[in-house]
Amino acid sequence: MSQLILKLTGLPRTMLLTLRGRAEEQARSVPLFQDELAVEWRKFLPWDDQLERFYSQFAQIAWAVRAYQFDVVANKHIASVQNPLVVELGAGLSTRYHRVRQEQLHWIELDLPEVTNLRRQLDIETEQHQFMSSSVMDFAWMDALPSKPPESILFIAEGLLVYFEANQVQQLVNQMRQRFPSATLLMDVVGELSKPIANQMAQQGWPLQWYVKGEREVAEMGLSLVNVWSLYQLCPERWPFLLRSQSWIPDIRNGCLILETKLEPFGQYIEPRSLNG
Ligand SMILES: C[S@@+](CC[C@H](N)C(=O)[O-])C[C@H]1O[C@@H](n2cnc3c(N)ncnc32)[C@H](O)[C@@H]1O
């Protein structure tokens, strides 16, 4: 296959950054995970100056560590429920299904139509692994999910919710709480530390819109916190010393959080069980 001609504009282009982050992880002497598919797919995808401006060694670490931690939670979920269903929202070109694949696992990749069409050129859709074209904000996708006990469902929103306004995230959470109470929602959120880069991203049509001060703000949306991790405290050996040694400072700790939450009909704040995994 030669390089694909992409007509992606706006937010879908950001998935090319995270894909490269995972692909380049494979060149490290001890990668955090195995992802040969990311390396393969990257060969077919174009790259340009606009993307290059947002790619750095630091960003590679962030995207790889985030993907690694999301894998940890996905694997835990798959091992702990019967007939698990995993739904990646804003999946982009996530290769997680292939990293954690197991028997009896049903996995859905949801993204905007142009992204799903692109995935169809690279990946193989099966009964177990399905691709869904929809905006996450068009809630009809919820009706199209297979019928499963909500406890068996893991929703993954990796690098997605930050692009919506707080009230949009709240509407999404409200719908999901009503439809899938007790399902797990795994997400990442950013704090004000990300604002300088956000201004540059906004100029490219990728505005970050949802900033949180800490996990309590997310819990107040009606989610119970199961686990909270500061990205900068995970895989400490990977981060620059200065960041690692200051990651206890609230603004830095909350610069990027990974939250494993439960969708609760009457969510209440539950103290996180772990801050470092
Ligand atoms: C930064 S990428 C993350 C992709 C993937 N989750 C990952 O971590 O590699 C953001 C993704 O969100 C998708 N996205 C943006 N707005 C969306 C929407 N309204 N509904 C569904 N997906 C959306 C984009 O198309 C893109 O694939």
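**Exercise 1.** Determine how the residues of the shell around the ligand divide by class.

*Solution.* The model is predicted: local features need pLDDT of at least 70, side-chain atom pairs count only at pLDDT 80 or more, and totals for chains, interfaces and linings use all residues. Residues are numbered from 1 along each chain as its sequence is written.
Step 1. The ligand is surrounded by 19 residues, a residue being near if its C-beta atom, placed from the backbone, lies within 6 Å. Among the closest are Pro-12, Thr-18 and Gly-159.
Step 2. Ten shell residues are nonpolar, seven polar and two charged, with Gly counted as polar.
Step 3. Helix α1 (residues 14-25) gives the most to the shell, three residues; helices are DSSP runs (H or I) of at least four residues.

**Exercise 2.** Describe how α1 and α4 pack.

*Solution.* Step 1. The angle is about 85° and the axes lie 8 Å apart, the axes being lines fitted to C-alpha atoms over the stretch in contact, with angles from 0 to 180 degrees between N-to-C directions.
Step 1. α1 is therefore roughly perpendicular to α4 (65 to 115 degrees).
Step 2. The contact (C-beta atoms within 7 Å) includes Leu-17 and Thr-18 of α1 and Trp-63 of α4.

**Exercise 3.** Which residues have the most contacts inside the largest nonpolar core?

*Solution.* Step 1. A nonpolar core joins buried Ala, Val, Leu, Ile, Met, Phe, Trp, Tyr and Cys residues through C-beta atoms within 7 Å; buried requires 20 or more other C-beta atoms within 10 Å.
Step 1. In this core of 54 residues, they are Phe-155, Ile-156, Leu-185 and Val-189.
Step 2. Helix α4 (residues 57-80) gives the most to this core, with nine residues.

Methods
Helices (H or I, at least four residues) and strands (E, at least two) are DSSP runs, numbered from the N terminus. A residue is buried if 20 or more other C-beta atoms lie within 10 Å of its own, exposed if 12 or fewer, and partly exposed in between; C-beta atoms are placed from the backbone. Angles under 35 degrees count as roughly parallel, over 145 as roughly antiparallel, 65 to 115 as roughly perpendicular and the rest as oblique. Two residues are in contact if their C-beta atoms, placed from the backbone, lie within 7 Å.
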